[in-house]
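Please look over the structure below with the report that follows.

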Amino acid sequence: MKPFRYARAEDEAAAVATLSGEPHGAFLAGGTNLVDLMKLGVVEPDVLVDVRRLTSETIEEMPDGGLRIGAAVTNSDLAADRRVRSRYPVLAEALLSGASGQLRNVATVGGNLLQRTRCVYFYDTTTPCNKRQPGSGCSAIGGYTRYHAILGASEACIATHPSDMAVALAALDATVVVLGPDGERSIPLVDFHRLPGDEPERDTVLSHGDLITAVDVPPLPFAERSRYYKVRDRASYAFALVSVAAALDIADGIVRDARIAFGGVAHKPWRATRAEASLRDAPAAEDAFLRAADEELAGAQPLPGNRFKVPLLRNTLTLVLRELAQGDTR
Amino acid sequence: MEVEITLRVDGTDHRIAIDPRTTLLDLLRERLGTYSPKKGCDLGQCGACTILLDGRRVNSCLALAVAHDGAEIVTAEGLSANGELHPMQQAFIEHDGFQCGYCTPGQVVSAVGMLQEVEAGWPSHVTADVAAEEMSLTDEEIRERMSGNLCRCGAYVNIVPAIRQAAEESGRL
C-alpha cells in the first residue's frame with residue numbers, strides 16, 4: 001500500500017476544509033471498501049481524513065414523520081432499527097442482503113453510497129479501465145460482462161453500482177445531505193449517482209471535499225408494505241445480478257402509486273419511472289405488472305454476456321409486484 | 001510517519017507506535033504476537049481474521065489500526081476464561097466443526113458475535129418478516145448469519161450444529 005498521512009479534524013466543517021486543501025486525499029469512514037482498494041493499488045490517496053467519529057451515528061425522527069440517518073450509522077444498526085424495519089422494510093431488507101455480518105458492522109451509510117463498482121477490470125490494475133484511469137479504455141466491453149449494465153451504459157463504461165441500500169433509498173425518494181466548502185445542500189438520491197457518459201471516473205455529482213453528513217428518508221406510509229428482492233450467484237454474501245426495490249399503494253384492486261428501483265443493472269440505482277407510470281391507475285394484476293416491466297426494459301441494451309438479465313429482471317419485478325399485491329411481503 | 005495508539009487486546013493494554021498503513025490484523029499478528037486471527041484473503045472476503053472490536057465482530061484485515069485508537073479487542077485467544085474453553089470453542093470440538101483449523105478462530109469469534117446480534121433482536125436476510133419482534137435461530141438463520149466466514153475444507157455441516165449447541169447452552173435458541 002502506498003504511504004499516506006492520517007488526519008483527524010475537530011468537526012465536520014474542519015474535515016471539509018482539510019480535504020479541500022488535499023487534492024489527492026480521501027475521507028475515511030468504515031474503510032471496508034477504501035482499504036480494500038488501497039491494498040490493491042486501485043486508489044492511492046496520500047492523506048486520509050478520518051470522519052467516522054465526526055459524523056452522526058444516530059437515526060433521528062424528522063418533523064414530517066421521516067427519518068434522518070447520520071452518515072456514520074453502520075449498515076447493521078440501520079437494518080436493526082425498529083422504525084426502519086416497520087416503516088421501510090425495503091430498506092432493512094436491502095441492507096441485510098448486502099455484504100456479511102462483519103462488514104455490515106463497520107460499513108457506514110455514507111460510505112455505502114460512495115463505494116466503488118466491483119467490475120473486475122476496475123479492480124485489476126493491469127488492465128485498461130476508464131473509471132480507474134480515464135482515457136485508457138474499457139476492458140469489460142467485449143470481455144466478461146455477467147455483472148455489468150444493461151441500462152444507461154456508455155461506450156466508455158458498462159460498470160454497475162454495487163450498493164443494495166442505495167437501491168432501496170432511490171425507491172424511497174431519499175435525499176443526501178452534503179456539507180461542502182460553500183455550506184450544506186441536499187441532493188435527491190436518484191440524482192446523486194451518475195450515469196457514466198464520457199466521464200465514468202465520476203461516480204457521483206459530489207465535488208472533492210464534499211462530505212455526506214446524513215441521508216433523509218421522507219415519510220411514505222405505503223412503504224410499510226415494501227420489499228427488496230435480490231438475485232445473485234450464491235445464496236448469501238454476493239453482489240446482485242439484478243435486484244428490485246418496490247412499494248405498491250393499492251386500493252380496490254387498482255394501483256394508486258408505486259415506487260420501483262433496480263440494482264445490478266446500471267451505473268447508478270435505476271429508478272424505474274416508466275414502470276411506475278405504467279402501473280399508476282392500472283389494475284393490480286399480472287398483465288399490468290408484465291407491461292410495466294416491458295415498458296421499463298424497452299430501453300435495455302444488453303451485451304452478449306448479460307442478455308439473461310433482461311428476462312431475469314422482468315421476472316423478478318413481476319414476482320415482487322405480485323407478492324406485494326397479494327399482501328404477501330415475503 | 002509513525003502514529004502512537006493504545007489498544008486493549010484480550011484484556012491487556014498496549015501502547016504502540018505504528019505506520020498508518022498497519023491493519024489491526026497485521027498489528028495483532030506481527031507486533032503483538034496474537035496469532036489466532038488468521039490472514040486468509042486479506043480483503044474482507046473470508047472471515048478468517050474476525051475479531052470482536054468494541055464488542056462487535058469485524059474483519060480485522062480491513063480495519064486500519066490508526067483509526068481505532070483506544071479500542072478494545074477480543075480474539076479467539078481471549079474468549080476463554082480461567083483456563084476453561086468458551087462454550088463456543090467447546091462446541092466446535094465436540095461437533096468436530098473443523099478440518100484443517102485455519103478458519104476456526106475466525107468462525108468461533110464470528111459465532112460469538114453473531115449470537116449477541118441475535119440476542120439484540122437483529123433480523124437477517126432470511127428472517128421471514130424483518131418487522132417481527134420475535135425470531136428463531138433456525139439452521140437457515142445460522143448459515144446466513146455466518147456467510148462471512150468461509151471454510152475451504154467444507155466443515156459447515158458440523159459448524160452449524162456446533163453453533164446451535166452453543167446457542168442452546170446460552171439460552172439463545
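Which residue in strand 5 of chain B stands opposite B:Leu52? The residue is B:Val74.

This is a predicted model, in which local features need pLDDT of at least 70, side-chain atom pairs count only at pLDDT 80 or more, and totals for chains, interfaces and linings use all residues. Residues are numbered from 1 along each chain as its sequence is written, chains are lettered from A and ligands numbered from 1 in the order in which they are written, and side-chain values use heavy atoms, leaving out hydrogens and water.

**Strands in chain B**

Helices (H or I, at least four residues) and strands (E, at least two) are DSSP runs, numbered from the N terminus. Two strands pair if DSSP finds at least two bridges between them.

Strand 3 of chain B spans residues 50-53. Strand 3 of chain B pairs with strand 5 (residues 72-74) of chain B over 2 bridges, in the antiparallel sense. Strand 4 (residues 56-59) of chain B also runs antiparallel to strand 3 of chain B, joined by 4 bridges. There, B:Arg57 is the bridge partner of B:Leu52. The hairpin of strands 3 and 4 of chain B has 2 residues between the strands, and B:Asp54 takes a positive phi near 50°.

In a regular strand the side chains alternate between the two faces of the sheet. In strand 3 of chain B, both faces are covered. B:Thr50 and B:Leu52 are buried on one side, B:Ile51 and B:Leu53 on the other. Buried means under 20% relative accessible area, exposed over 50%, partly exposed in between (1.4 Å probe, protein chains only).

**A sheet in chain A**

In chain A, 3 strands form an open sheet in the order 1-3-2, with parallel pairing. Strand 1 (5-7) and strand 2 (25-28) of chain A stand at the edges with a single partner strand each, so one side of each has no neighbour in the sheet. Strand 1 of chain A is joined to strand 3 (residues 47-50) of chain A by 3 bridges. A:Arg5 has A:Val47 as its bridge partner in strand 3 of chain A.

**Salt bridges**

A salt bridge is a side-chain nitrogen of Lys or Arg within 4 Å of a carboxyl oxygen of Asp or Glu. The count comes to 34 salt bridges over all chains.

| Pair | N to O distance |
|---|---|
| A:Arg83 and A:Asp81 | 2.9 Å |
| B:Arg15 and B:Glu4 | 2.7 Å |
| A:Asp203 and A:Lys131 | 2.6 Å |

The side chains of A:Asp203 and A:Lys131 meet in a salt bridge. A:Asp203 lies in the loop between helix 10 (189-192) and strand 8 (211-217) of chain A, and A:Lys131 in the loop between helix 8 (120-123) and helix 9 (165-171) of chain A, so the pair ties together parts that are 72 residues apart in sequence. Both A:Asp203 and A:Lys131 are buried.

The other two pairs include residues with more than one kind of accessibility to check. A:Asp81 is buried at 12%, while A:Arg83 is partly exposed at 24%. B:Arg15 is exposed at 58%, while B:Glu4 is partly exposed at 44%.
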